[in-house]
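Look at the model below. Which parts are covered, and what do they touch?

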Amino acid sequence: MANFREDTKTGYEFKTGDQPDKPPADPPSTDDAASTTEIDSMLGQIVSGRYRIARLLGKGNMARVYVAEQMSMERNVAVKVLQPELVVDEVAAGRFRQEVEAVSRLHSPHTIRFYDTGVTPDGVPYIVMELLAGQTLRERLDEDKALPGMEVVAIARQISCSLQEAHDAGVLHRDLKPENVHFCHIATPMQPFLKLLDFGLAKLSDRGGPDNMTLTGVRQTVGTPAYMAPEMIVEERPVDSRADLYSLAVMCFEMLTGTRPFQEKGAMAMAMAHVRNPVPSAVERNNQLPASIDDFFTLALSKSPEQ
């Protein structure tokens, strides 16, 4: 069985999600900005002669994300930089490189776009990606709880579009959750318009080695327990693209009812609920839903991908 740790800042997660598109809730004060400038040597730097680092957008255990100006095109971009102390960490650096390769295979309009990659003069790898305006699905759910059924269908279709291309290209996302789905401010007949973000835990299925052993040589459980498929938790089970579909079904349950299917406290309890607990009734949580929706979730959230 997997070992779990609980992150007190972000809830029960195995890693802190890096959200290149999520601005701070409130602008930093002058004192805060000054303090950040003193300790962050990246601010004001011109990386590779092209990207002027303007401000810190967010940070996680693995990386920091900055707003930068791409000077040649006079546009703002997001620059994701590996934490300097992790450059010598084979697993962390390997995941960073693997994220670049994973996203470079993908062209769906519903997948985050990467523009460039490189290494700073200090030897720290970075990724340049599109800077998105809007809000995450998590922020939307925090505001509205349950969403209208037709909107949930539109959201699920667009996430599925991104996942279909990824799976066809041999890419498993493995960290699908509302924090990694972004509502974009884009003028389009398709409203809302979404993009799937953060392929930092992606697995390339053509790299060989069973399941999650590609980088470490040992089975390593990764992801966010509240959205993880049972086969990602029980080490003896193989993991394939169906694990991403399970996570999408958890998100659909949450969008339709305003609650996750399992609500246990703590990472281990949450993980074991996915492995052992029966699928709850969505209709009991939202009596406006048709009775047939429970049949759908019974299949979509089954304990075995073969069912």
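## Helix α7

The buried residues of α7 pack against α5 (230-233) and α6. This is a predicted model. Helix α7 spans residues 267-276 and is mostly covered. Of its 10 residues, 7 are buried.

Which residues of α7 are buried? They are Ala267, Met270, Ala271, Met272, Ala273, His274 and Val275.

## Serine 247 in helix α6

Helix α6 also holds serine 247. Is serine 247 buried or exposed? Its relative accessibility is 4%. Buried means under 20%, so serine 247 counts as buried.

What does serine 247 touch, leaving aside its neighbours within four places in sequence? Its contacts are Leu176 and Tyr227.

## Helix α9

Now turn to helix α9, residues 292-300. Ile293, Asp294 and Phe297 are buried there. Seen down the axis of α9, the buried residues fall within an arc of 100°, so they line one face of the helix. An α-helix has 3.6 residues a turn, so residues three or four places apart point the same way.

Which residues are exposed on the other side of α9? Asp295 and Leu299 are. The buried residues of α9 pack against α6 (242-257) and α8 (282-285).

Note on methods:
Residues numbered from 1 in each chain as written. Predicted model: local features only at pLDDT ≥ 70, side-chain atom pairs only at ≥ 80, totals over all residues. Heavy atoms only, no water. Buried < 20%, exposed > 50% of the residue type's maximum accessible area, 1.4 Å probe, protein only. Helix = DSSP H or I, 4+ residues; strand = E, 2+ residues; numbered from the N terminus. Arc of directions from axis to C-beta. Contact = heavy atoms within 4.5 Å.
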